[in-house]
Amino acid sequence: MVAVDAGFPRSPRGALKLGRMLVAFVAFVCFVASKAHEAYTALAIMEVIIPLLFFLLYLLKLDKKITKLFWPLADIFNSVISAVFLLIVCLCAVIIKTNEVTLAGGKISISGPRERNGSAK
């Protein structure tokens, strides 16, 4: 039986992965709704699936069982490459502005999950 780390979703790393998946999913929905170029939707869905796999890897503690790969380094490498690809695609979506929903998907992806420090004025 596989052990589950119940505290991982509440940890900062788990919360960041969940936030990243949520933002990518919202961008995916915006790109699909706007009938944007297939590259936008493919990258957005890839940004949902890959962090989901890493989330499940850490949630099920498979990183402790599969020791052939140094998982934190693979996770950092994935995050950096994904951030660069997503930034390029979202900048293209914002610059090209095919319609309002594509523009919204690009803006949502660029802004990402943020903490709100202080009240709105």
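# Close-up views of a predicted helical model

**Figure 1. Glutamate 47 is a buried residue, with a relative accessible area of 3%.** Buried denotes under 20% relative accessible area, exposed over 50%, and partly exposed the range in between (1.4 Å probe, protein chains only). The structure is a predicted model, in which local features need pLDDT of at least 70 and side-chain atom pairs count only at pLDDT 80 or more, whereas totals for chains, interfaces and linings use all residues. Residues are numbered from 1 along each chain as its sequence is written, and side-chain values use heavy atoms, with hydrogens and water left out. Glutamate 47 belongs to helix α2 (residues 38-59); helices (H or I, at least four residues) and strands (E, at least two) are DSSP runs numbered from the N terminus. Its side chain forms a polar contact of 3.1 Å with the side chain of serine 82. A polar contact is a pair of N or O atoms within 3.5 Å; within protein, one atom must be able to donate a hydrogen and the other to accept it, and residues adjacent in sequence count only if both atoms are side-chain atoms. Beyond its neighbours within four places in sequence, glutamate 47 is in contact (heavy atoms within 4.5 Å) with Arg20, Ala24, Ser82 and Leu86.

**Figure 2. Aspartate 75 and lysine 17 are joined through their side chains by a polar contact of 2.8 Å.** Aspartate 75 lies in helix α4 (residues 71-96) and counts as buried at 7% relative accessibility. Lysine 17 is among the buried residues of α1. When neighbours within four places in sequence are set aside, aspartate 75 contacts Lys17, Phe54 and Tyr58. Phe54 and Tyr58 are among the buried residues of α2. Proline 51 is 24 residues from aspartate 75 in sequence, with a C-alpha to C-alpha separation of 8.7 Å.

**Figure 3. The largest nonpolar core has 10 residues.** Its members are Ala27, Phe31, Ala36, Tyr40, Leu43, Ala44, Leu86, Val89, Cys90 and Ala93. Such a core is a set of buried Ala, Val, Leu, Ile, Met, Phe, Trp, Tyr and Cys residues joined through side-chain atoms within 4.5 Å. Helices α1, α2 and α4 each supply at least two residues of this core, and α4 provides the largest share, 4 residues. At least three residues of the core come from each of domain 1 (15-63) and domain 2 (68-105), with domain bounds taken from an automatic or database domain assignment. Another core, of 9 residues, lies apart from this one and includes Met21, Phe54, Phe55 and Trp71.

**Figure 4. Helix α1 spans residues 12-33.** Its 22 residues reach 31 Å from the first C-alpha to the last, close to the 32 Å expected at 1.5 Å a residue; the expected span is 1.5 Å times one less than the number of residues. The buried residues of α1 are Gly14, Lys17, Gly19, Arg20, Met21, Val23, Ala24, Ala27, Cys30 and Phe31. An α-helix has 3.6 residues a turn, so residues three or four places apart point the same way. Just after α1, lysine 35 adopts a positive phi of about 55°.

**Figure 5. Leucine 59 of helix α2 touches Ala3, Val4, Asp5, Phe8 and Pro9.** These partners exclude residues up to four places away in sequence. Leucine 59 counts as buried at 15% relative accessibility. Helix α2 reaches 31 Å between its end C-alpha atoms, close to the expected 32 Å.

**Figure 6. Lysine 61 has a positive phi of about 55° although it is not a glycine.** Lysine 61 follows α2 and is found in the loop between α2 and α3 (62-65). With a relative accessible area of 33%, lysine 61 is partly exposed.

**Figure 7. The UniProt annotation "transmembrane region", from an unreviewed entry, covers residues 18-34, 40-60 and 72-96.** UniProt positions are given in the numbering used here, feature names are shortened, and annotations may be inferred rather than shown by experiment. Residues 18-34 are 94% helix and 0% strand, and their end C-alpha atoms lie 24 Å apart. For residues 40-60, the end C-alpha atoms lie 30 Å apart, and the span is 95% helix and 0% strand. The protein chain as a whole has 5 helices and 0 strands, and 34% of its 121 residues count as buried.
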